Structures are given as structure tokens and as C-alpha cells.
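Me: I would like to go through this structure with you, one topic at a time. Could we settle the terms as we go along?

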Amino acid sequence: MQTFLQQVINGLSLGSIYALLALGYTMVYGIIKLINFAHGDIYMIGAFWGYYVINTYHVNFFVALISAMIISALLGMLIEVLAYRPLRHSPRITALITAIGVSYFLENGMSFLFGADTRDFPQAVAQHNYHVLGITVSNIQVLILVTAVVLMIGLQLIVQKTKMGTAMRAVAVDPEAAALVGIDPNHIISFTFGLGSALAGAAGVLIGLYYNSIDPLMGMTPGIKAFVAAVVGGIGSIPGAAIGGFVIGLLETGVQAIGLSAYKDAAVYIVLIVILVILPSGLLGKNVKEKV
Amino acid sequence: MKQTMKKVVAAAAAVMSVGIMAGCSAKFATTKGNESTGDTIKIGMNIELSGAAGGYGNQMKQGFQLAVKQINAKGGIQVGDKKMKITPVIQDNKSTTSGSASVTAQLTAKDKVSAIVGPATTNDGTAAIPNLTKASVPSVSPSATDPNYTLQKNGKVQPYVFRACFNNDLQGETAAHYADNTIKAKKVAILEDNSSDYGTGLAKAFKQAFKGTIVSTQSFQEGDKDFNALITAIKAKNVDAIYVPGYYSEAGLIIKQARQAGVDVPIIGSDGMADPKLAQIAGATNTNDIYYTTPFSTKSGETNAVAKAFMTDFKAEYSEDAPTFSALAYDSVLMIKQAIEDAKSTNSVKIANALAKIKDMPAVTGTTSVDKNHDPEKPIVIESMQNGKVVAATAVK
């Protein structure tokens with residue numbers, strides 16, 4: 001029982017990272033129907049930024065987290081302007097291939113500039129373990145879970161309660177009609193990229209702190225898994241992405257816990273296939289109103 | 001305009017094909033293999049500078065460059081009665097098998113190198129063999145550890161394939177004996193890196209040699225960062241030790257997460273862990289009761305003069321402690337240098353023959369001889385770490 005609860009804790013902390021990443025995928029997809037494969041690499045840039053500011057300026061963890069979110073948001077918007085905006089009216093496959101290109105560019109660019117070697121992330125928050133009913137929970141796991149939940153609630157508020165959020169939802173439903181009532185779609189799309197990338201940047205710093213190891217290729221696998229999480233939850237749906245992230249995190253942990261570690265990635269992709277066959281719009285995908 | 005363009009292209013194509021044919025006929029006219037024509041000798045490096053194994057490849061590049069720099073500073077390699085400097089040609093195979101094959105073709109056919117250092121992994125190394133054999137150019141891999149890497153399908157040795165590292169069987173067996181005799185472990189869990197032949201090969205060798213029970217064998221992939229689920233599962237099994245054949249980037253995380261989860265049993269590993277980064281990633285306070293087999297120990301400077309000089313020079317050059325992979329790449333160059341001196345020739349076939357006959361060559365990773373399977377014979381060391389520091393290095397016979 002203790003082992004089981006411990007595994008649930010493990011799954012939730014892994015899942016919160018996937019959820020943060022999945023939100024970025026889902027928001028961008030909701031608005032311009034683009035699967036932004038460079039999203040995982042923005043997460044990597046966020047982690048490297050955190051590494052840089054903590055090591056160079058000895059700032060505390062929250063400054064690193066917020067500055068990484070700002071830098072990632074700017075980078076996300078820059079990528080959108082340079083790489084995706086010129087292709088706005090091209091076939092979707094063109095933009096998709098460009099996204100893969102951007103992903104390779106970021107991965108190899110970082111390897112070229114800073115080396116492909118794994119680095120140890122500075123321990124800005126000392127780790128403590130809490131022992132509750134025989135389960136070990138570290139303060140960093142709690143921090144990740146709380147940060148992830150706070151950011152998700154914040155995102156939901158922005159999307160549902162602000163003018164910008166209303167405009168985002170309007171563009172998601174019908175960009176042309178939105179333009180007719182005076183919303184600039186380019187502006188909104190830029191904002192969406194910024195918001196999604198900020199979450200990825202935050203996930204990068206959290207992962208750096210949690211695992212203490214970052215490298216230029218760290219965004220590849222989590223990026224793909226987060227994409228699966230977004231699809232499972234219903235791509236385009238914000239609560240769906242959050243649920244999808246936790247589902248994938250718990251699934252991966254569960255598969256390893258029962259001794260099938262060799263198949264943990266396979267299990268994630270099997271779920272993807274099953275969902276696409278049985279529920280093509282994902283768990284919460286039918287809720288068109290949520291589409292952002 | 002279009003017409004002229006076409007003509008130019010056609011002419012260029014014709015010239016090129018003549019060139020290729022001329023290349024062929026020239027090749028048949030001379031002796032087998034590459035030979036240097038000028039005052040320098042070309043040594044190639046086919047290495048993983050980007051992609052999954054990029055981190056290890058770059059460390060090897062540093063070791064390679066240091067060796068070349070030092071040899072050239074002393075005037076070069078003695079070939080018969082004249083000294084020849086080394087011209088290094090370093091190419092990135094991007095951690096891909098196709099990249100490795102094409103880099104080998106380029107190095108042997110275009111650059112006409114006399115010998116090659118690399119690649120880092122068995123997979124990439126194996127992909128290079130057909131082109132090496134075709135061009136009759138030897139390669140020395142710093143870290144391709146699969147036992148069959150230097151062997152042909154029929155069990156005969158590959159004439160142009162050498163390595164500076166131990167093969168998996170030796171390391172896995174040594175670790176198993178250590179777990180049996182020194183740690184006296186009865187129950188062991190294995191966490192293997194199944195994304196490389198290295199991890200699976202070592203785990204296989206360990207399983208065959210270990211006398212106790214192996215209660216669980218789980219696997220992970222290169223690049224994984226979360227091992228909490230595996231560690232929680234192992235914790236419930238109450239093992240005496242964990243064997244982790246893999247590289248420091250993942251092994252460091254396993255150590256960190258195991259210690260934080262309260263799993264304090266000894267963790268045994270292989271030379272992929274022998275890197276100063278291991279303790280940095282795991283955190284010094286977590287790095288206790290760690291044991292791994294390695295050809296190169298930072299402690300070996302106390303007994304080995306070559307290693308001592310290497311470590312001092314490496315630190316002066318790159319301002320960090322020398323990792324094992326750099327030491328192995330450095331030794332790969334030393335082996336090629338020794339072979340060229342013994343052969344008194346820059347002909348690649350003669351170098352290959354001389355490589356196979358290396359005896360008692362002083363090297364960073366210990367006095368090295370090459371055996372009949374083109375494996376190096378040198379002392380294997382088990383290093384133990386406490387509090388993030390290597391506290392002892394025991395040589396194993």
C-alpha cells in the first residue's frame with residue numbers, strides 16, 4: 001500500500017510536468033491548428049536560462065522561474081513571427097514541417113553553442129523529505145505540483161475572465177469573424193505563443209531543479225509525451241491537457257512499477273493509438289467552448 | 001543561357017566521372033591502403049560530436065586534440081628516420097550509423113588518412129567497418145565495448161578494427177565478482193540502459209557471472225530523467241546492491257533519486273560512470289557507496305607517470321578534471337603513434353599490422369598490450385566513491 005501511494009506521488013509529480021507542457025501544445029493547436037513541435041525545445045531553453053541566471057547572478061529560485069517564463073515567452077513569440085507567421089496561409093503540413101525544423105535548429109544550435117554535455121542544475125532550493133504514513137514526499141515535489149496547479153489556474157483565469165482570453169477564444173472559433181469585430185488575429189496568436197511558451201519555460205526550470213540535470217536534447221522525449229498528453233486530453237482543450245498530463249505521468253509510473261519498464265514508452269504510444277481510434281477528439285475534446 | 005548552363009553542368013559531370021575513374025585506377029596501381037605523401041601524417045577522427053552521444057564524443061575530441069598537440073609539440077611521430085607531424089581531421093558522425101559510414105568513406109577516400117580514432121559507440125563503430133575494410137585503414141575506438149565489435153561473423157578478428165576500452169564481458173564479470181566477494185551481496189537488482197549495446201551487454205555479462213539472485217531487471221533509456229518509479233519498486237524488494245550499467249548522465253540521476261528515496265545500498269556500475277560529472281549530477285552528499293569498474297582512475301596518477309602527466313596537462317588545457325572518455329581517446333592516439341613507429345611507415349595496412357602487435361605500451365589507462373581479438377590487455381580498476389569523492393581505487397587481477 002505504501003509502495004502504491006509512493007508510486008502515485010511519483011506519477012503526479014511527473015504528470016504535472018507533462019501537463020504544463022501539454023497546455024502549450026493545446027493552446028497553440030486550439031488557435032492556429034499547428035502542432036508546435038518546437039515546444040519541447042522551448043522547455044529546454046527555459047531550463048538553460050534558469051541554469052544561467054542562478055549560476056551567474058545567484059538569484060533565488062522564484063526570480064529564475066519568472067525570468068525563464070519571460071524569456072521563453074519572448075522566444076516563443078519570436079519563433080512565431082519568424083517561422084510560422086509567413087506560413088499562415090500555407091497548407092498545414094508546411095507549418096508542421098517548419099515546426100520540426102525549428103525544433104532541430106534549437107536543439108543543435110544549443111549543442112553547438114554550449115556543448116552537448118549534461119550539466120548539473122544549481123540546487124537553488126535545498127531538498128527536504130517529509131515522511132507521512134511511510135511515504136516520502138520531497139519539498140521539491142510539492143513545489144512542482146503547487147507551481148503547476150497555480151499556473152494552470154492562472155491560465156484558466158486568463159482565458160476565461162480577461163478580454164485577451166475572450167479574444168483568444170473568439171479567434172479559436174473563427175479567425176475571420178473575430179477580425180471583423182476588431183480583433184487582430186496576429187496579435188492574439190502571438191500572445192498565445194507567449195503564454196504557452198512561458199509555461200514551457202516554467203516546466204524547464206522546475207525539471208532542472210527536480211532532476212538536477214539538463215542537456216540540449218532534454219526537450220525531445222518530454223515534448224512528444226506532452227503532445228500525447230494533449231491529444232489524450234483532447235487537443236485544443238485546456239483542462240483536457242492538464243488531465244492528459246497527469247494520466248500520462250501516472251501511466252508511465254504504473255507501467256514501471258509493475259516491472260514492465262522496457263515498455264513504458266510503448267505504453268504511452270499505445271494509449272495514443274487507442275484514444276485516436278476510440279475517442280478521436282480525446283477525453284474532453286468535444287467541449288468546443290473550451291477550445292483555445 | 002539555359003543551354004550554356006546545361007553544357008557547363010554536363011562538362012563538369014564528365015570531368016568528375018573521369019576524376020573518379022582516375023582515382024580508381026590510381027588506387028589499383030599503388031599498394032593497398034592509404035599512405036601519407038607529404039611531411040605530415042593524417043589521422044582522422046570519426047566521432048559523435050552532436051546527437052545522443054555528443055557529450056561523450058566531445059570529451060573524446062578533447063583527449064584526441066590534447067594528444068595530437070603534445071605529439072606535434074615534440075616534433076611529431078618518428079617514422080623511420082624522419083619525424084612527421086600529425087594533421088588531425090575531425091568529422092562529426094552526428095551519433096548516427098549512416099553518418100559514421102559516410103564519415104569513414106570521406107576520411108579514407110577523400111582525406112586519405114592513415115588511421116582513424118573512433119567512433120564512440122558500438123553501433124556507430126560497426127557501421128564504419130565495411131568502409132574501413134574496403135580502404136584498408138585501421139580504426140581505434142575509445143569506447144565501443146561490445147565483445148563482438150572487433151570480430152567478424154565467423155569469429156575471426158576484424159583486421160582493421162581495434163579498441164582502447166575493455167569489452168563488456170570483462171567489465172560485467174569483474175563487477176559481478178566484486179558484488180559476490182567484496183560486497184557479499186545475495187540479492188541484486190539490475191537497472192540497465194537498454195538504449196545501447198553497452199548497457200544490455202554489461203547486464204548480460206553480469207547476470208552470467210553473478211552467483212547470488214537477481215531479483216529484478218528493469219531498463220531505462222538514454223535521456224530519461226525520472227527513475228522514481230523504478231527505485232520505489234526496487235526499494236520494496238530489499239536488495240543488497242543495485243547494478244547500473246549505463247552512462248554517468250543517467251546513473252548520476254539514479255544515485256540521486258535512490259539516495260533521496262532512502263535506498264542506501266551499494267550501487268555498482270561500469271566505466272560509463274567514471275566521470276567527475278557523476279557526483280555533480282547526483283550531488284556530493286548522495287554519492288556514497290558507489291563502486292564502478294574502469295580502466296582509468298584519477299587515483300592512478302599516484303602510480304602511473306603517464307596518467308599523472310595527462311591529468312595535469314588536461315587540467316591546464318581545459319581547466320577541468322580529465323574524464324575517462326578523454327583518457328581513452330588520448331590512449332587511442334598513443335596506440336596509433338606506437339604502431340606507426342613500430343611499422344616505420346605511414347601505410348595504413350602496415351599500421352594495422354603493427355597495432356595488432358602492440359606490447360607493454362605505457363598509456364594513461366595502464367600498460368597496454370593488444371590481444372588476438374584486438375582487445376587491450378591492461379589492469380582493470382574498481383573505484384569507490386564516498387561523499388562525492390573517489391576514495392579508493394583497487395586494481396583487480
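Reply: Axes are lines fitted to C-alpha atoms, for helices over the stretch in contact, and angles run from 0 to 180 degrees between N-to-C directions. Two residues are in contact if their C-beta atoms, placed from the backbone, lie within 7 Å. Helices (H or I, at least four residues) and strands (E, at least two) are DSSP runs, numbered from the N terminus. The model is predicted: local features need pLDDT of at least 70, side-chain atom pairs count only at pLDDT 80 or more, and totals for chains, interfaces and linings use all residues. Residues are numbered from 1 along each chain as its sequence is written, while chains are lettered from A and ligands numbered from 1 in the order in which they are written.

Me: Which strands does H7(B) lie across?
Reply: H7(B) lies across strand S7 (187-193), S8 and S9 of chain B, and runs at about 170 degrees to S8(B). Helix H8 (residues 248-260) of chain B lies across S7, S8, S9, strand S10 (267-269) and strand S11 (290-294) of chain B, at about 175 degrees to S10(B).

Me: What is the strand order in the open sheet of chain B?
Reply: The order is S8-S7-S9-S10-S11-S14-S15, seven strands with mixed pairing; two strands pair if DSSP finds at least two bridges between them. From one strand to the next, the twist averages 20 degrees.

Me: And which strands stand at the edges?
Reply: Strand S8 (213-220) and strand S15 (389-396) of chain B do; each has a single partner strand, so one side of each is left without a neighbour in the sheet. S15(B) pairs with strand S14 (residues 380-386) of chain B in the antiparallel sense over seven bridges, and B:Gln386 stands opposite B:Lys389.

Me: Changing topic: where is B:Leu355, and is it buried or exposed?
Reply: B:Leu355 is in helix H12 (residues 348-355) of chain B. It counts as buried, with 25 C-beta neighbours inside 10 Å. A residue is buried if 20 or more other C-beta atoms lie within 10 Å of its own, exposed if 12 or fewer, and partly exposed in between, with C-beta atoms placed from the backbone.

Me: What does B:Leu355 touch?
Reply: Not counting residues up to four places away in sequence, B:Leu355 touches B:Pro138, B:Phe162, B:Met335, B:Ala339 and B:Val370.

Me: Now the backbone. What is the phi of B:Ser136?
Reply: Phi of B:Ser136 is near 55 degrees, a positive value in a residue other than glycine. B:Ser136 lies in the loop between H4 and strand S5 (139-141) of chain B. B:Asn238 also has a positive phi, of about 50 degrees, and is exposed, with 11 other C-beta atoms within 10 Å. Most residues other than glycine have a negative phi, and most peptide bonds are trans.

Me: Which bond is cis?
Reply: The peptide bond from B:Gly118 to B:Pro119 is cis, with omega near -15 degrees. B:Pro119 is in the loop between strand S4 (115-117) and helix H4 (122-135) of chain B.

Me: How many helices and strands has chain A?
Reply: Chain A has 11 helices and two strands. Of its 292 residues, 54% count as buried.
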